[in-house]
Number of protein chains: 4
Amino acid sequence: MSKKLTYGMVGGGPGAFIGDAHRKAIAVDGSARLVAGCFSRTPEKSKAQGEALGLDPDRCYTNYREMAEAESKRPDGIDFVVVVTPNVTHYEICRAFLEAGIHVSCDKPLATDSARCAELKQLAEEKGLLFMVTYTYTGHVTAKYIRDLVRSGEIGTVRTVMAEYPQGWLYNEKDCGGKQGAWRCDPAQSGRVNCLGDIGSHVENAVATLTGLKIKRLLAKMDVVVPGRKLDDNDQILVEYEGGATGIYWSCQFAIGCDNSLRVRIYGSKGTILWDQEHCEEVTLIGEDGVPRIIRRGYGAVTPAAARYGRLPAGHTEGWIEAMGNLYDSFTDCVAAKKDGTFTESMIDYPTADAGLEGLRFVEACLESNDKGNVWVNL
Amino acid sequence: MSKKLTYGMVGGGPGAFIGDAHRKAIAVDGSARLVAGCFSRTPEKSKAQGEALGLDPDRCYTNYREMAEAESKRPDGIDFVVVVTPNVTHYEICRAFLEAGIHVSCDKPLATDSARCAELKQLAEEKGLLFMVTYTYTGHVTAKYIRDLVRSGEIGTVRTVMAEYPQGWLYNEKDCGGKQGAWRCDPAQSGRVNCLGDIGSHVENAVATLTGLKIKRLLAKMDVVVPGRKLDDNDQILVEYEGGATGIYWSCQFAIGCDNSLRVRIYGSKGTILWDQEHCEEVTLIGEDGVPRIIRRGYGAVTPAAARYGRLPAGHTEGWIEAMGNLYDSFTDCVAAKKDGTFTESMIDYPTADAGLEGLRFVEACLESNDKGNVWVNL
Amino acid sequence: MSKKLTYGMVGGGPGAFIGDAHRKAIAVDGSARLVAGCFSRTPEKSKAQGEALGLDPDRCYTNYREMAEAESKRPDGIDFVVVVTPNVTHYEICRAFLEAGIHVSCDKPLATDSARCAELKQLAEEKGLLFMVTYTYTGHVTAKYIRDLVRSGEIGTVRTVMAEYPQGWLYNEKDCGGKQGAWRCDPAQSGRVNCLGDIGSHVENAVATLTGLKIKRLLAKMDVVVPGRKLDDNDQILVEYEGGATGIYWSCQFAIGCDNSLRVRIYGSKGTILWDQEHCEEVTLIGEDGVPRIIRRGYGAVTPAAARYGRLPAGHTEGWIEAMGNLYDSFTDCVAAKKDGTFTESMIDYPTADAGLEGLRFVEACLESNDKGNVWVNL
Amino acid sequence: MSKKLTYGMVGGGPGAFIGDAHRKAIAVDGSARLVAGCFSRTPEKSKAQGEALGLDPDRCYTNYREMAEAESKRPDGIDFVVVVTPNVTHYEICRAFLEAGIHVSCDKPLATDSARCAELKQLAEEKGLLFMVTYTYTGHVTAKYIRDLVRSGEIGTVRTVMAEYPQGWLYNEKDCGGKQGAWRCDPAQSGRVNCLGDIGSHVENAVATLTGLKIKRLLAKMDVVVPGRKLDDNDQILVEYEGGATGIYWSCQFAIGCDNSLRVRIYGSKGTILWDQEHCEEVTLIGEDGVPRIIRRGYGAVTPAAARYGRLPAGHTEGWIEAMGNLYDSFTDCVAAKKDGTFTESMIDYPTADAGLEGLRFVEACLESNDKGNVWVNL
């Protein structure tokens with residue numbers, strides 16, 4: 001709690017999975033204290049949720065614009081806001097808080113298209129505000145370690161990348177995955193994209209973060225496979241990066257037996273790195289002798305820039321909440337530094353609006369490629 | 001935060017690993033709010049730590065007896081205390097808070113011998129107080145699921161158990177594992193036992209919890225292996241349970257490559273269960289067809305009594321902090337129920353003083369067996 | 001040895017890996033006895049190798065045409081020939097033996113192009129001769145079991161397939177993999193294709209065998225990645241099957257840490273099957289409950305049509321030689337049945353010229369797609 | 001076939017698993033050619049089996065003494081005999097062939113007690129004959145590699161060993177494992193020991209071979225667990241080696257889900273080695289950094305003395321038959337060297353009568369310890 005920061009939340013009412021997850025991720029390290037919220041448009045619901053969370057009823061809002069304005073005027077106003085509402089509302093809400101001069105952490109996607117996202121990014125920059133997009137998986141210590149390994153040249157030049165994110169929960173044509181599945185599969189709520197936006201974008205972000213590679217062009221095939229679905233549930237993408245490396249990305253929602261299998265394999269001229277977020281405590285690193293070495297969070301081999309996020313000794317497992325906590329650890333460090341005037345850009349160790357923008361451009365390029373019959377599209 | 005409970009902590013000053021871990025485990029679910037503490041005997045240190053944690057300076061104590069007394073008299077006094085001091089002090093501190101009428105959660109061991117532990121247990125019972133000992137590993141959802149599987153007869157009658165807890169961090173004769181290792185290897189601080197008390201007792205608790213078996217007699221060999229050590233660092237124990245099943249327990253601190261490898265294998269007349277706390281998200285269940293089935297936290301197969309502790313969907317990993325959080329989840333449910341008069345014994349789903357007492361009796365029996373030349377000792 | 005068959009070999013001189021492998025695969029089960037060979041064009045070398053193998057010097061030839069003619073005229077002539085020479089010579093040699101009325105087993109590819117392969121296939125049919133192409137990997141008991149699982153509808157309708165075959169041995173730009181690598185990377189000996197023909201064709205065969213799916217069209221990207229190479233060493237292929245299922249095939253020769261990682265994942269409407277030839281003793285089968293079940297060769301669950309090839313109880317591992325032995329087991333059953341007049345087509349349980357032809361057509365379609373800029377090509 | 005050796009077999013009639021396995025293991029490398037056999041006491045059966053195996057009817061015997069005498073007198077008599085009869089007959093048969101001056105390979109145990117085994121050992125030495133006992137598992141390339149690693153000091157001084165061999169096939173009280181189980185569980189055929197002799201002795205041999213450690217004393221608990229059984233099916237043994245290292249051995253026949261899980265873990269002062277014969281193609285080697293490195297047969301890291309037995313590149317799996325083949329590879333090298341006068345003791349790289357004798361002494365010591373109530377017994 002030593003950073004003494006406070007935050008507010010928009011969204012995250014009772015039963016909302018992702019809002020609760022953000023609260024846990026912030027609470028586990030005491031990165032900030034929740035003091036305000038707009039949990040629902042219904043006054044009773046918002047107040048009830050706020051009370052359950054120990055908030056002052058005066059700071060339980062029903063309108064995010066009102067909240068942004070009120071909090072920006074309080075001497076003890078929130079230091080940042082967490083936006084965990086349905087995707088289609090992200091743009092307007094982020095905009096309101098940025099305009100009110102409040103730092104923002106928002107779930108992906110930051111907007112429904114790249115133009116709006118670029119607008120938000122510019123707004124944050126103009127206002128000198130911090131703007132995080134919570135790509136949780138790259139918060140893992142092991143993800144940060146891999147980033148350092150690749151940067152340091154440990155595996156030489158990256159030659160090819162195999163990345164995938166299969167899930168199985170939407171395999172059943174008779175059951176569209178309950179509440180969580182319903183909005184994802186509904187064009188009215190998800191626009192033109194389901195699987196690729198939901199999980200394919202994590203593949204893009206993971207590869208970009210771990211390898212530092214920039215996509216030059218891609219060729220995408222987005223299929224609607226499960227009978228009755230209207231949006232993509234299986235995406236196959238060939239990628240070429242600047243510099244000549246290549247990749248294959250695969251995301252799928254009907255792969256029975258896959259829970260949340262974000263997996264990245266990076267093949268370089270001098271070595272290979274394997275990473276599987278479901279086994280997020282370990283990295284497999286293979287050198288020219290072909291011998292896999294399994295390095296776990298907490299080992300001496302892990303780079304200090306990654307290791308600093310670990311809480312527990314190796315073998316005392318950390319997981320998904322801790323990964324998101326790591327994002328908030330760096331984000332709140334930056335917020336605190338903004339407050340006391342010690343902030344520098346180099347402190348940023350979380351995904352920013354740049355990552356959010358890249359993700360949206362990636363999705364748009366895939367749609368274009370698919371629409372044109374699976375042809376190459378430049379980014 | 002809906003339970004609206006508050007707690008105090010004894011121990012857990014700056015740099016104290018286990019105190020911080022307990023705070024995180026309570027914070028992640030908002031099970032209670034830290035409002036008081038005796039973090040150090042030095043006033044400045046205790047206040048500084050309290051301030052960093054956002055506490056009222058008036059409730060930062062330097063003497064645990066004073067704290068117990070003061071808090072018991074406040075109208076808004078703590079609902080429970082968390083004791084995370086060096087082992088040799090547990091007995092006196094727990095006693096002080098129990099006598100003051102305050103529920104207690106204490107790290108293992110509850111005392112340095114079973115007689116004192118029994119005394120504490122009796123005291124808690126007489127006072128009608130809750131008394132938890134934080135055997136973290138059995139807090140995992142998968143541990144609770146296994147308990148339910150065995151109870152339900154899924155694997156028939158248990159025939160034999162293989163349980164082990166090797167670690168490697170104390171392998172080096174030139175380095176006794178820093179501050180954490182120093183006190184463990186020092187007879188002045190640890191008494192007659194190192195490895196067996198530190199991790200062997202987790203083996204005992206895990207098997208007891210998962211299988212429900214009671215040890216009838218045991219034969220122990222406790223060796224001091226690494227040159228220069230004075231206390232056991234390798235423990236091999238043959239066990240016979242009431243009813244005739246048998247087991248082997250092994251704990252070790254010099255097993256290079258083992259981080260925290262608590263592992264239990266349960267062989268029954270109709271099936272087998274495998275559990276590895278380092279892969280705490282999964283259970284391997286094998287039936288008479290010999291086919292391993294890997295069931296993960298979050299799957300439909302997990303029993304409701306275990307599944308209720310899960311926070312995230314399968315594939316979004318939970319870990320050690322969440323396991324301890326699960327203990328506090330049940331413990332604070334019980335504390336809250338005590339407050340509003342709805343408590344019943346059947347609500348208890350965490351390790352109590354009974355488990356703490358069994359652990360100490362186990363260690364004492366092992367010492368006796370070893371002293372007598374590895375002979376059978378009845379429990 | 002009860003089939004009492006004899007065979008001859010063309011190729012397989014001293015130091016020739018694949019010839020020795022075929023001999024071992026035939027010997028392990030005593031499927032046939034080697035009695036003739038054309039091991040080298042140099043008389044001394046062929047005789048020396050024949051003598052080392054215990055052959056009559058009269059049946060050690062230096063010219064395969066002479067061998068085909070001589071053996072076809074002997075009353076005790078060979079029952080079949082095994083062709084294990086460099087790829088470019090397969091067509092002529094197979095043709096010579098087929099014309100001489102001798103059954104043929106030949107390493108893949110049967111010819112350098114599909115037209116010549118089709119010609120051989122027709123010739124064998126006209127002559128009523130058996131013609132096996134030794135795709136070793138689909139000889140594993142587990143491969144045959146998967147084929148049966150898919151056919152029986154165990155996983156419903158196949159929706160998508162992920163198949164890959166990465167190797168790492170040609171990663172080094174300074175070392176082209178010795179003698180084995182040299183001819184593969186040399187356009188003069190390998191024609192227009194390296195990686196795709198060498199291992200990508202095994203991916204095609206494995207998926208076709210395991211799933212029964214027919215490729216309708218494909219889109220291929222064949223890259224030359226390691227500096228200094230002239231032929232493809234990384235192949236990425238999008239596949240559409242008749243009936244609408246899709247797949248991704250990847251083959252690579254510079255994937256450090258991969259030895260021989262032929263792996264197929266089959267996602268159906270009711271379940272998933274995972275297979276990895278490096279762990280060829282097991283199949284992972286996942287049903288709608290999402291729970292992986294690991295079924296090993298030798299278990300009761302394995303279908304009789306697959307299990308019959310097993311030699312040892314589960315846990316007594318069988319490997320690559322045994323997989324090839326399984327091909328020869330069925331092939332020699334058929335040869336013996338041809339001799340005694342009991343042969344029927346339904347006895348064939350090994351890859352025939354049909355599979356060889358499909359493989360060559362697959363490679364040719366990939367080349368066409370790649371030449372045209374990664375466009376869809378119908379098969 | 002270049003060694004040009006011939007052998008005869010006693011036992012191994014139709015349906016006999018182990019006889020067939022030996023024949024395959026010899027045939028796969030052409031280490032020797034089967035030319036004589038005493039497959040049954042019934043003349044028709046022995047001849048029929050001999051004929052199926054392509055033998056001269058004159059060399060199909062029905063009496064092993066007659067065979068030993070006849071073969072020893074033939075100018076082209078067998079170079080060695082393979083004894084694969086029921087255990088209780090090993091002693092007499094081995095003795096007959098040794099007396100006839102014929103080298104012997106015999107399945108374990110060489111005799112039913114250590115005195116008789118010592119007698120055979122002495123006889124072989126006096127006659128200058130080779131005498132192999134086929135402990136198959138230590139024939140794996142990886143086992144030989146581990147032996148070299150330990151000898152070279154790679155993991156420092158061995159401190160403790162965890163070794164086990166659980167199987168599950170005899171778990172069912174209603175089914176004693178068919179023909180294979182029936183004799184093992186029958187005191188009339190197996191004497192006083194079942195599980196320990198059958199698989200526990202492999203544990204002893206594996207540890208002795210891999211580590212070179214000699215047992216100084218042991219404490220054994222041998223339980224009869226499955227209802228209705230008369231002989232041990234669960235064996236727990238504490239071991240102390242000369243030099244002070246310790247170990248735990250466990251063997252079990254009712255561990256559902258275990259096929260043939262011989263597993264050895266060796267913990268040294270500088271590193272750890274893990275080996276699992278069901279994954280016999282790999283060794284896990286861990287150094288002081290705690291990082292597991294997985295080294296597979298065929299890798300550059302494997303020592304030449306182990307690697308020389310490999311037949312195929314890494315990733316082309318070898319298994320149990322190949323492991324036994326490795327024993328015969330060295331044994332027949334020695335037989336051939338005996339014939340041409342080039343033999344030296346240092347050529348022996350297979351388990352000899354010494355290993356057989358150690359195994360029997362180990363079993364006898366366990367029985368004594370168990371009979372006396374689980375006390376320490378010196379070896």
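By what turn and what shift along the axis can chain C be laid on chain A? The answer is a turn of 180° and a shift of 0.0 Å, with an RMSD of 0.0 Å. The model shown in these views is predicted.

**View 1. Chains A and C about their axis.** Two copies of a chain are related by a rotation about an axis and a shift along it. Here chain C is laid on chain A by a turn of 180° and a shift of 0.0 Å along the axis. That is the relation of a two-fold axis. In chain C, the C-alpha nearest the axis belongs to Val375(C) and lies 3.7 Å from the axis. Of the interface residues of chain C, 100% are also interface residues in chain A, so the copies meet through the same surface.

**View 2. The annotated domain of chain A.** The unreviewed UniProt entry annotates residues 145-273 of chain A as "domain: GFO/IDH/MocA-like oxidoreductase". Over residues 145-273, chain A is 27% helix and 32% strand. The end C-alpha atoms of this stretch are 11 Å apart.

View 3. Over all chains, a search of the whole structure finds 36 aromatic pairs. One of them joins Trp250(A) and Tyr267(C). The ring centres are 5.5 Å apart and the planes stand at 45°, so the pair is tilted. The pair crosses between chains. Trp250(A) is in strand β9 (residues 246-252) of chain A, and Tyr267(C) is in strand β10 (residues 263-268) of chain C. Trp250(A) is buried, at a relative accessible area of 1%. Tyr267(C) is buried, with a relative accessible area of 1%.

**View 4. An edge-to-face pair within chain C.** Tyr137(C) and Tyr165(C) pair edge-to-face, 5.9 Å centre to centre and with 90° between the planes. Tyr137(C) lies in the loop between β5 (131-133) and α6 (141-151), and Tyr165(C) in strand β6 (residues 158-166), so the pair ties together parts of chain C that are 28 residues apart in sequence. Tyr137(C) counts as buried at 4% relative accessibility. Tyr165(C) is also buried, with a relative accessible area of 2%.

**View 5. An aromatic cluster in chain A.** One aromatic cluster is formed by Tyr7(A), Phe80(A), Tyr328(A), Phe331(A) and Tyr350(A).

**View 6. Charges over rings in chains B and C.** In chain B, the charged end of Arg217(B) sits over the ring of Trp376(B), 4.0 Å from the ring centre. In chain C, Lys144(C) lies over the face of Tyr309(C), 4.8 Å from the ring centre.

How values were computed: Residues numbered from 1 in each chain as written. Chains lettered and ligands numbered in written order. Predicted model: local features only at pLDDT ≥ 70, side-chain atom pairs only at ≥ 80, totals over all residues. Heavy atoms only, no water. UniProt positions renumbered as here; feature names shortened; annotations may be inferred. Helix = DSSP H or I, 4+ residues; strand = E, 2+ residues; numbered from the N terminus. Least-squares fit on C-alpha atoms with pLDDT ≥ 70 in both. Contact = heavy atoms within 4.5 Å. Phe/Tyr/Trp six-rings, centres within 6.5 Å; stacked < 30°, edge-to-face > 60°. Buried < 20%, exposed > 50% of the residue type's maximum accessible area, 1.4 Å probe, protein only. Lys NZ or Arg CZ within 6 Å of the ring centre and 35° of its normal.
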